[in-house]
Every structure is written in structure tokens, then in C-alpha cells.
Amino acid sequence: MTAPLLQVRNLAKTFGGTGGFFSRAQPLVSAIDNVSFDLHDGEVLGIVGESGCGKSTLAKLLLGLLRENDGSITLDGRQVSGLPPREARRLRSDVQYVHQDPGAALDPWWRVGNTLHETMRIHGISDAKERETRISEVLEAVGLSGDFVNRYPHELSGGQQRRIGLARTLALRPRIILLDEPTSGLDLSVQATVLRLMNDLRERYKLTYILISHDLSVVHRMCDRIAVMYLGRIVELGETEAVFGSPAHPYTKALIGSAPKLVRDDTSVELIQGDPPDATNIPSGCAFRSRCPLAIDSCAATKPELEEISASHRIACPPELRRLTNGPAASVSSL
Ligand SMILES: Nc1ncnc2c1ncn2[C@@H]1O[C@H](COP(=O)(O)OP(=O)(O)O)[C@@H](O)[C@H]1O
Ligand SMILES: [Mg+2]
């Protein structure tokens, strides 16, 4: 297999801790804790997990908008971590982001054309002709006519806003696109067309996607591989068929069991009990143990690392528990 396009190793990011000269000490939050994964050229990697598990922080670290406390990020064989944000962003221009709320990301006073020009100008595309050419090309690619350059954001439907969000990112010719909740707030029919468009664009521009979502049906449909996150750590990582077909971590089982559309026998479905623990006060050892029906004393002692359970399918749950987690998804109904 060829070398991964993006390699993330032992990435860590904390917020808070010691206060600055003028500020009081804030509680320490470990938003990303020892995260490692590879992203291969052309694949779609899904990142799922409840709100607050660190999805957006991970995206910002990959984009170079935040500086990691520890670990490394390698893009196309070149280490791009450990740098101040300005330099990190420059080196990571191959990686771009589509905002979770494209309406809010567009300036309400600017016509679409202005926004597209300005985005490219900021990224160093100084030739106006080149920008015009790219604008016509990307509008066509996202299925909008050239007239859309004259529209203001409030003159766009939700679906059209997503298309403009994609066009703006495509104009920068990235290789990797981070899609944050790409279909949230859209009607189901519009969701379907946006997902289809994303697939078409991936083929046309040979793109690699990281798709961040809490919507399991979107991730199931779009992704080649899935990383399941819980409180800053990846707890399960594997091919989509393996993760959905035989989820192995108790958290993944509970998550999939909680998604009514994905299970055949609705009578066995129960939601995960309780909320995730306070991020400033994560349990010792396995962070999921406070909600896990299978937890044993030793789960409090050490943080489980990802270990292979079958070819390219890994979970962070110790072997003693793995025997107990082998049942079907419905076995988490006691959660
Ligand atoms: N700038 C920040 N300062 C302090 N805490 C933050 C900051 N950004 C995120 N966090 C905390 O880090 C954790 C992960 O947040 P986030 O990455 O936004 O999660 P998600 O996108 O999965 O909802 C949360 O506990 C959140 O409160
Ligand atoms: Mg988020």
C-alpha cells in the first residue's frame, strides 16, 4: 500500500490549566488525547461521536488553526506539526474546511462573487483573471449557474448555501477537505442531493475527505472507514462495514443501538444512559467506564490503547472485556 497522505500520531490538545498574567486559572480540559490515525489518498474517513468529544478540535489541529501540545502530523511525508499557527496554515494549504454552518460563514453584505474572490485573494491567488476562471469552473462543478455571483447569502436556499460553501473550498484546489456536519439542518431530500454532489466532486477532483458528523446514517453511507471518538480519544477504528456490521467497543454498540434507522428490531433499542462526564473531570482509566455496563475494576487503572481485533479493525477495550462484547448490538440495551 502507498504511504498515507496524512499521518497523525499521538496528537494531544488541552485547553485551560494555568491562568495567564491577567486571567484566573481555568479548569484543564483534555480535548484531544493521544489520537493516531492514517488517511489514505482518495478515501473518506468518518469521525463520529457525541457533542464535546473533540471532533472540531481535531479538525482545527489538522488545519493548523490550533497548535497541538503533543504528537505529530505528517502531510504527504512532510512533518507539519509543532509550528506556530501562521506557518502551519501555510504548509497545510492542501487541507481545507467546509464550515458546519455555511450561511453563518458567508458575509451577509457581500455578493457570492466577492466572497469567492476574497477567499482566493487571502490564499495568495492574486491574478484576478485566474480567480474569474476558477469561479466559473467551481460554480459549474457544484451545479450552480454563473449568475449566482450576484446573489447575497440571504437569497440562497439551505442547499444552495452548502453548494457555495463547497465551491469556495474547491476554488482553493485542496487535496483534503474536512467536512464538518455537512448536512445538518437540511431536509432529507436536500441532504441526499448534497451527499451525491460531494461524491461526484470527490471523483472529479480526486479529493480525500474527512467527514465529521454525529449522524450515523450519513457516515454509514459516505465513508470507507470510521473513527469513533469518546472524550478526546478514538475508541474504535475500522472499515465502515466492520464498524457497523460488528461494532466491538461498548460505546460504539450503544451509539449504533441508539440510532433507530440503523437497527432492524426497534424493540431492543435503548439510548445510552446519562450524559458524557464533565470534560474537566474525566474518569481515570477508560473514560467510558462510568457509562459502560461491562466495566470491571481494572478499567479504572489504565487508559486502554487501540488494539487490533481483526484485519484493520481496532478497539480500545481490554481483551477481558472483549469476550463480553462479542454479542449483537442489542446486547447494549442494558446501557
Ligand atoms: N477554545 C476552547 N477553550 C476551552 N475549551 C474548549 C475550547 N474548544 C473546545 N473546548 C472543549 O474541548 C472539548 C471538545 O470540544 P469540541 O472539539 O468542540 O467537540 P465537538 O466538536 O466534538 O462537539 C469540549 O469539552 C469543549 O468544551
Ligand atoms: Mg463541533
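1. Thr240 belongs to helix α9, which covers residues 240-245. In this predicted model, Thr240 is buried, its relative accessible area being 3%. Apart from residues up to four places away in sequence, Thr240 touches His220, Cys223, Asp224, Arg225, Ile226 and Gly245. A further pairing to check is that of Thr240 with Gly46: these residues are 194 apart along the chain, and their C-alpha atoms are separated by 8.7 Å.

2. The structure holds twelve salt bridges. Asp33 and Arg233 form one of them, with 3.1 Å between the closest N and O atoms. Asp33 is in strand β2 (residues 26-39) and Arg233 in strand β10 (residues 233-239), so this pair ties together parts of the chain 200 residues apart in sequence. Both partners are covered: Asp33 counts as buried at 15% relative accessibility, and Arg233 is buried with a relative accessible area of 13%. The pair also belongs to a network, in which salt bridges with shared partners join Asp33, Arg233, Lys303 and Glu305.

3. Arg175 forms a salt bridge with Asp76, with the closest N and O atoms 2.6 Å apart. Arg175 sits in the loop between α6 and β7, and Asp76 in the loop between β4 and β5, so the bridge ties together parts that are 99 residues apart in sequence. Arg175 counts as partly exposed, at 29% relative accessibility. The backbone of Asp76 deserves a look as well: its phi is positive, about 55 degrees, although Asp76 is not a glycine.

4. Lys206 is another residue other than glycine with a positive phi, near 50 degrees. As background, most residues other than glycine have a negative phi. Lys206 is found in the loop between α7 and β8 (208-212). Is Lys206 buried or exposed? Lys206 is exposed, with a relative accessible area of 64%.

5. Because the two residues are four apart in α5, Arg134 and Glu130 are separated by about one helical turn. Arg134 is buried, at a relative accessible area of 12%, whereas Glu130 counts as partly exposed at 28% relative accessibility.

6. How do α5 and α7 pack, and at what angle? Helix α5 (residues 128-141) and helix α7 (residues 188-205) pack at about 130 degrees, and their axes are 11 Å apart. The two helices are therefore oblique to each other. On the α5 side the contact is made by Glu137, Val138, Glu140 and Ala141, and on the α7 side by Leu197, Leu201, Arg204 and Tyr205. By class, this contact has five nonpolar residues, three charged residues and no polar ones.

7. Helix α6 (residues 158-170) can be checked for length. At 1.5 Å a residue its 13 residues should span 18 Å, and the C-alpha atoms at its ends are 19 Å apart, which agrees. The helix is mostly covered, with ten of its 13 residues buried. The buried positions are Gly159, Gln161, Arg162, Arg163, Ile164, Gly165, Leu166, Ala167, Thr169 and Leu170. The partners of these buried residues are β6 (95-98), α3 (102-105), α4 (112-122), α5, β7 (176-180) and α7. Arg162 and Arg163 are thus charged residues among the buried ones of α6.

8. Helix α4 has buried residues at Val112, Gly113, Thr115, Leu116, His117, Thr119 and Met120. Those residues pack against α5 and α6. After α4 comes Gly124, with a positive phi near 85 degrees.

Notes:
Residues are numbered from 1 along each chain as its sequence is written. Chains are lettered from A and ligands numbered from 1 in the order in which they are written. This is a predicted model: local features need pLDDT of at least 70, side-chain atom pairs count only at pLDDT 80 or more; totals for chains, interfaces and linings use all residues. Side-chain values use heavy atoms; hydrogens and water are left out. Axes are lines fitted to C-alpha atoms, for helices over the stretch in contact, and angles run from 0 to 180 degrees between N-to-C directions. Angles under 35 degrees count as roughly parallel, over 145 as roughly antiparallel, 65 to 115 as roughly perpendicular and the rest as oblique. Contact means heavy atoms within 4.5 Å. Buried means under 20% relative accessible area, exposed over 50%, partly exposed in between (1.4 Å probe, protein chains only). The expected span of a helix is 1.5 Å times one less than its number of residues. A salt bridge is a side-chain nitrogen of Lys or Arg within 4 Å of a carboxyl oxygen of Asp or Glu.
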